[in-house]
Amino acid sequence: MEKTTILIIEDDASQRRVLEYNLRKVNYAVLSASDGEEGLSLLRKNPIDVVLTDVRMPGMDGFQVLEKVKEIDSEIIVIIVTAFGTIEKAVAAMKKGAFDYITKPFNREELLLVIERGLKIKRLERENSSLREELVDKFKLANVVGTSSKMKDVFKIVHRVAKAEST
């Protein structure tokens, strides 16, 4: 199984190094960028599972990064990290597709818990989708076996009824 890859987009070099260290320590693959443009460039070139982005950065801010990430791949988990958190900004981030919004200072366990929760939900969504596809395939009319004249009559009725708009 491949390692989960996390992209850190943080303009504060010391904060970025601390995040890199803590995430690598628990066996995540980590890429990092000092601004939004660099981060998006890395995202376009590498398979990324989670993006951790600061809000206040020079150039592109974290909300703009969030929007661009979701345009590139809507399934990527984006976690907004900021020292200037408000309820309004958290709500705005969630409406734009952020998985969560964490205010600094935060502890390592809190961050890891949020990441793991996001990855678990993503796995469950994929599994759910896969199981739905299997069910659709399994219960297709084409999988019903019958060659008698009575079964052929049943198939004709089923095909006719299936086209109807009523319940």
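The model is predicted, so local features need pLDDT of at least 70 and side-chain atom pairs count only at pLDDT 80 or more, while totals for chains, interfaces and linings use all residues. Residues are numbered from 1 along each chain as its sequence is written, and side-chain values use heavy atoms, with hydrogens and water left out.

Side chains of opposite charge can pair when their charged atoms come close. Taking a salt bridge as a side-chain nitrogen of Lys or Arg within 4 Å of a carboxyl oxygen of Asp or Glu, the count comes to 7. One of them joins Lys104 to Glu10, at 3.0 Å from N to O. Lys104 sits in the loop between strand S5 (100–103) and helix H5 (108–138), and Glu10 in the loop between strand S1 (5–9) and helix H1 (13–25), so this pair ties together parts 94 residues apart in sequence. (Helices, H or I of at least four residues, and strands, E of at least two, are DSSP runs numbered from the N terminus.) Glu10 is buried at 2% relative accessibility; buried means under 20% relative accessible area, exposed over 50%, and partly exposed in between, with a 1.4 Å probe and protein chains only. Glu10 and Lys104 also belong to a salt-bridge network with Asp54.

Another bridge pairs Arg117 with Asp100, at 2.4 Å from N to O. Here helix H5 supplies Arg117 and strand S5 supplies Asp100, so parts 17 residues apart in sequence are tied together. Arg117 is partly exposed at 41% relative accessibility, whereas Asp100 is buried at 17%.
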